[in-house]
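Thanks for coming. Please have the sequence and the model open while I talk.

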Amino acid sequence: MRSSPSKPVTVLNYAVIIIAMLVFIFPIVWMVLTSLKQQVDAYASVPKWLFKATFSNYQTVLFERDFMKYLLNSLYISFLSTVLALLFGSGIAYPYARYRLKGAKNVLSWILTLRIVPPIVAILPIYLVFSKLGLLDTYASLILVYTFMNLPLAVWLLYGFYKDVPGEIEESALVDGCNRFTAFVRVIFPIIGPGLVSTGLLSFIFSWNEFLFANLLSGSTVRTAPVGLNEYATPVSVLWGQIGAAGTMIVLPVAIITIILQRKMVRGLTMGAVKG
């Protein structure tokens, strides 16, 4: 029988958890508070905790600076690249998880190395290729880059999820009259649904927050939200209130999606952790 932790240990655990939460949450709280301040309050040398809240920063960012367009660009690009990464990742991970293919470990290791390479190493050749093809400042360029940026992550996560599905389930579906494709769609896909959600959400977040490729490959047409934040740092001054408002709107969609899909994401990340 394991003895329950003593009271001092429990208090210490809660203290560590609370301190960690404050450290991680404080920058977000500060950003939201700054977005509600007038420019004078935001520039105050001594931070003001009590101030008259205003939504003028949000009004300026949304209607005068056209930041909503950047948010929609980010949403469109991130969503499509995530869907493509899941489709291609499933097409690669499923055969390697289900069949004993020759050189499977070598191929999977090679795929993983693609994610290890720093993006700054690949940006110059990618820029030159897209420039020759006339794909600069297009949705296609960022969707392609984000898809292949997230593909190694999708392959490795989905490989583990498919590996955890017993082969007998698929064999039963084949006996009941399904072919390989219908068995995959109707049986395997629903089982690994939480895994798809967690993989898709991680891929979406990486695409949503990406700055380097978006900054160099996009222009005024397909500028994304993280790149749009640059507009508020002018040579004259830094518009802290508007940066706070824009940053809050960048964080808000991902936070809402994560809260909605939290259960499935946690379940997906823990799939296969406990064996019966």
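Asp137 is found in the loop between α6 (119–133) and α7; helices here are DSSP runs of H or I of at least four residues, strands are E runs of at least two, and both are numbered from the N terminus. Phi of Asp137 is near 60°, a positive value in a residue other than glycine. Asp137 has a relative accessible area of 22% and is therefore partly exposed, given that buried means under 20%, exposed means over 50%, and partly exposed is what falls in between, with a 1.4 Å probe and protein chains only.

Asp66 also has a positive phi near 60°. Asp66 sits in the loop between α3 (56–64) and α4, and its 41% relative accessibility makes it partly exposed.

A word on the source. This is a predicted model, in which local features need pLDDT of at least 70 and side-chain atom pairs count only at pLDDT 80 or more, while totals for chains, interfaces and linings use all residues. Residues are numbered from 1 along each chain as its sequence is written, and side-chain values use heavy atoms, with hydrogens and water left out.

pLDDT is the predictor's confidence in each residue, from 0 to 100. The average for the protein is 85, and 93% of the residues score at least 70. Over residues 272–276 pLDDT stays under 50, and the model has 2 contacts beyond four places in sequence for that stretch, a contact being heavy atoms within 4.5 Å. Where pLDDT is low, the predicted coordinates should not be read in detail.

Now the overall picture. The protein has 14 helices and 0 strands. Its C-alpha atoms fill a box of roughly 70 × 65 × 35 Å along the principal axes. Of the 276 residues, 35% are buried. Among contacts with a separation of 6 or more, 77% join residues 24 or more positions apart.

Which residues touch the most other members of the largest nonpolar core? They are Leu158, Tyr162, Ile188 and Ile192, in a core of 17 residues. A nonpolar core is a set of buried Ala, Val, Leu, Ile, Met, Phe, Trp, Tyr and Cys residues joined through side-chain atoms within 4.5 Å. Two or more residues of this core come from each of α4 (67–98), α7 (139–164) and α9 (180–191). Beyond its neighbours within four places in sequence, Ile188 contacts Tyr94, Arg98, Tyr162, Val165, Glu170 and Ala183. Another core lies apart from this one; it has 16 residues, including Leu36, Trp208, Tyr232 and Val254.

Then the surface. The protein exposes about 16,800 Å², with 71% supplied by carbon and sulfur atoms; accessible areas come from the Shrake-Rupley method with a 1.4 Å probe, and for residues only the protein chains shown count as cover.

In soluble globular proteins, nonpolar side chains tend to be buried together. Here, a nonpolar surface patch of about 1,000 Å² includes Tyr14, Phe24 and Val29. Patch residues have over 30% relative accessible area and no salt bridge, with nonpolar side chains (Val, Leu, Ile, Met, Phe, Trp, Tyr) joined within 5 Å and like charges within 9 Å; a salt bridge is a side-chain nitrogen of Lys or Arg within 4 Å of a carboxyl oxygen of Asp or Glu. Val29 is in helix α1 (residues 7–35) and is partly exposed, at 37% relative accessible area.

Leu12 is in helix α1 as well. Is Leu12 buried or exposed? Its relative accessible area is 54%, so Leu12 is exposed. From Leu12 to Tyr96 there are 84 residues in sequence and 46 Å in space, C-alpha to C-alpha.
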